[in-house]
Amino acid sequence: MTTLIVNGDSRTIEASPDTPLLYVLRDELGLNAAKFGCGLGQCGACTVIVDGKAVFSCVTPVMVLEGRTVTTLEGIGSRDAPGPMQRAFIAEQAAQCGYCIPGMMMRAQALLNRDPHATDESIEAELQPHLCRCGTHMRILRAIRRAAEEMRPKTVEARTAR
């Protein structure tokens, strides 16, 4: 058995140690935002955050995650209380088919957690591993910039000016 911290909760996993995290998330924990795309870590649909870094959950066995912190899209907000990244994607209408979007959101979330002042170039570089055929790339970039603005720490001067 393996113990993980998933979206802030300690979870004991009974799956075989070589089971990909994606299968554990979807089948054992009922967290379905991360999608199975290629199963090879080449499309990004399965991306989640592990200890602050975006990882392909389809190729990450649970045995290497003992005691580590896993965050899925469900962990950054909900349907009733969406987080900044989710609100931005909704506002910009950044999803078309929506299949790859959870992975893109999680990779962008990891980037903005590290660097809330990420440049367009760093955002584009961060999203390179993701495949999307829908053609909403400009809306996705706008959504990430919008989320970054909301996630940035506000300076004292900016707060008192309001």
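Here, "partly exposed" means a relative accessible area between the buried cut-off of under 20% and the exposed cut-off of over 50%. F36, at 37% relative accessibility, therefore counts as partly exposed. Keep in mind that this is a predicted model.

**Surface patch**
- F36 teams up with Y23 and Y99 in a nonpolar patch on the surface, and together they have about 290 Å² of accessible area.
- You'll find F36 in the loop between helix 1 (21-28) and strand 3 (47-50).

**Helix 2 and helix 5**
- Helix 2 (residues 84-91) packs with helix 5 (residues 137-151) at an angle of about 140 degrees, and their axes are 8 Å apart.
- That makes the two helices, helix 2 and helix 5, oblique to each other, and their crossing is right-handed.

**Salt bridges**
- There are 8 salt bridges in the structure.
- One of them joins the side chains of E150 and R87 at 2.0 Å, N to O. With E150 in helix 5 and R87 in helix 2, this pair ties together parts that are 63 residues apart in sequence.
- E150 is partly exposed at 35% relative accessible area, and R87 is partly exposed at 35% too.
- R142 pairs with E92, with the closest N and O atoms 3.0 Å apart. R142 sits in helix 5 and E92 in the loop between helix 2 and helix 3 (101-114), so parts 50 residues apart in sequence get tied together.
- R142 is partly exposed at 36% relative accessibility, whereas E92 is buried at 15%.
- E92 and R142 also belong to a salt-bridge network with R146.

Technical notes
Residues are numbered from 1 along each chain as its sequence is written. This is a predicted model: local features need pLDDT of at least 70, side-chain atom pairs count only at pLDDT 80 or more; totals for chains, interfaces and linings use all residues. Side-chain values use heavy atoms; hydrogens and water are left out. Patches are made of residues with over 30% relative accessible area and no salt bridge: like charges are joined within 9 Å, nonpolar side chains (Val, Leu, Ile, Met, Phe, Trp, Tyr) within 5 Å. Accessible areas come from the Shrake-Rupley method with a 1.4 Å probe; for residues, only the protein chains shown count as cover. A salt bridge is a side-chain nitrogen of Lys or Arg within 4 Å of a carboxyl oxygen of Asp or Glu. Helices (H or I, at least four residues) and strands (E, at least two) are DSSP runs, numbered from the N terminus. Buried means under 20% relative accessible area, exposed over 50%, partly exposed in between (1.4 Å probe, protein chains only). Axes are lines fitted to C-alpha atoms, for helices over the stretch in contact, and angles run from 0 to 180 degrees between N-to-C directions. Angles under 35 degrees count as roughly parallel, over 145 as roughly antiparallel, 65 to 115 as roughly perpendicular and the rest as oblique. A crossing is left-handed if the near helix is turned anticlockwise from the far one by less than a right angle, and right-handed if clockwise.
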